[in-house]
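Student: Please show me how to read the features of the structure below, one at a time.

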Amino acid sequence: MATLEHTNFTVRDPQATAAWMKDVFDWKVRWEGPAIAGGYTVHVGSQHTYLALYAPNNPKTTGESSYDIVGGLNHVGVLVEDIDAMEAKVRKAGFEPRNHADYEPGKRFYFDDDDGIEFEVIQYD
């Protein structure tokens with residue numbers, strides 16, 4: 001069996017994104033520094049998994065929905081033990097939870113961060 005170790009995606013400000021992720025998800029910065037093409041990257045997550053937050057020298061937004069682009073990042077799923085406590089942290093960070101649902105085998109909601117990246121928060125029963 002394989003385990004997902006990390007995902008790398010582009011944000012405007014990796015340090016700012018890592019800061020809210022540390023507050024909301026209780027993650028840690030594992031590494032940060034210069035990256036490909038003069039960019040900058042922050043690795044934030046747990047001991048075994050993380051998100052690589054990359055910013056090029058001149059980040060650009062497309063304004064297009066990732067759901068309409070082949071290869072687009074549609075959302076990042078984060079598993080939590082207490083979805084109600086996590087929703088309070090998401091709100092405190094200034095994000096608006098939406099699309100709440102109970103489904104087999106648990107509960108979920110979504111929110112978008114400042115870069116328009118969609119996060120799905122999941123709690124299994």
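**Reading a helix**

Student: Which exposed residues does helix 2 carry on the face turned away from its buried side?

Tutor: Asp84 and Lys92 are the exposed residues on that face of helix 2. Exposed means over 50% relative accessible area, buried under 20%, and partly exposed in between (1.4 Å probe, protein chains only). Helices (H or I, at least four residues) and strands (E, at least two) are DSSP runs numbered from the N terminus. This is a predicted model, in which local features need pLDDT of at least 70 and side-chain atom pairs pLDDT 80 or more, while totals for chains, interfaces and linings use all residues. Residues are numbered from 1 along each chain as its sequence is written, and side-chain values use heavy atoms, without hydrogens and water.

Student: Which residues of helix 2 are buried, and why do they line one face of the helix?

Tutor: An α-helix has 3.6 residues a turn, so residues three or four places apart point the same way. In helix 2 the buried residues are Ile83, Met86, Glu87 and Val90. Seen down the axis of helix 2, they fall within an arc of 105 degrees (taken from the directions from the axis to the C-beta atoms), so they line one face of the helix.

Student: Which elements do the buried residues of helix 2 pack against?

Tutor: They pack against helix 1, strand 6 (98–103), strand 7 and strand 8. Take Glu87, a residue of helix 2. Glu87 counts as buried because its relative accessible area is 15%. Contact means heavy atoms within 4.5 Å. Beyond the residues up to four places away in sequence, Glu87 touches Pro97, His100 and Phe109.

**Reading a core**

Student: How many residues does the largest nonpolar core have?

Tutor: A nonpolar core is a set of buried Ala, Val, Leu, Ile, Met, Phe, Trp, Tyr and Cys residues joined through side-chain atoms within 4.5 Å. The largest one here has 24 residues, and those with the most contacts inside it are Trp20, Met21, Phe25, Leu51, Leu53, Phe111 and Phe119. Among the elements giving two or more residues to this core are helix 1 (14–25), helix 2 (83–92), strand 4 (50–55) and strand 8 (118–124). Helix 1 gives the most, with five residues.

Student: What is Met21 in contact with, leaving aside its neighbours within four places in sequence?

Tutor: Met21 is in contact with Asp26, Trp27, Val44, Leu51, Leu53 and Phe119.

**Reading strand residues**

Student: Is Thr41 buried or exposed?

Tutor: Thr41 is placed in strand 3 and counts as buried because its relative accessibility is 5%. With neighbours within four places left aside, Thr41 has contacts with Trp31, Glu32, Gly33, Ala35, Ala52, Leu53 and Tyr54.

Student: Where is Lys107 placed?

Tutor: Lys107 is in strand 7. It is partly exposed, because its relative accessible area is 33%. The C-alpha atoms of Lys107 and Val121 are separated by 8.3 Å, and the two residues are 14 residues apart along the chain. Leaving aside neighbours within four places, the contacts of Lys107 include Ile83, Ala101, Val121 and Gln123.

**Reading the backbone**

Student: Which residues other than glycine have a positive phi?

Tutor: One of them is Asp26, with phi of about 60 degrees, in the loop between helix 1 and strand 2 (28–35). Another is Asn99, whose phi is near 50 degrees. Asn99 lies in strand 6 and is exposed, with a relative accessible area of 51%.

Student: Which residues does a cis peptide bond join?

Tutor: Glu104 and Pro105 are joined by one, with omega of about 15 degrees. Pro105 lies in the loop between strand 6 and strand 7.

**Reading a pocket**

Student: What volume does the largest pocket have?

Tutor: Rolling a probe the size of a water molecule over the atoms shows where empty space is left. On a 1 Å grid over the protein atoms alone, a pocket is an open set of points where a 1.4 Å probe fits, with protein on both sides within 12 Å along at least five of seven lines; lining residues have an atom within 4 Å of a point. Grid points are joined across faces, edges and corners, and a volume is the space filled by probe spheres set on the points. The largest pocket has a volume of about 590 Å³. Its lining has 24 residues, and Thr10, Thr62, Glu64, Asp115 and Ile117 lie nearest its centre.

Student: Which residues are closest to the centre of the second largest pocket?

Tutor: They are Leu4, Thr49, Leu51, Val76 and Gly77, out of 14 lining residues. The volume of this second pocket is about 320 Å³. Strand 5 gives the most to its lining, with three residues.
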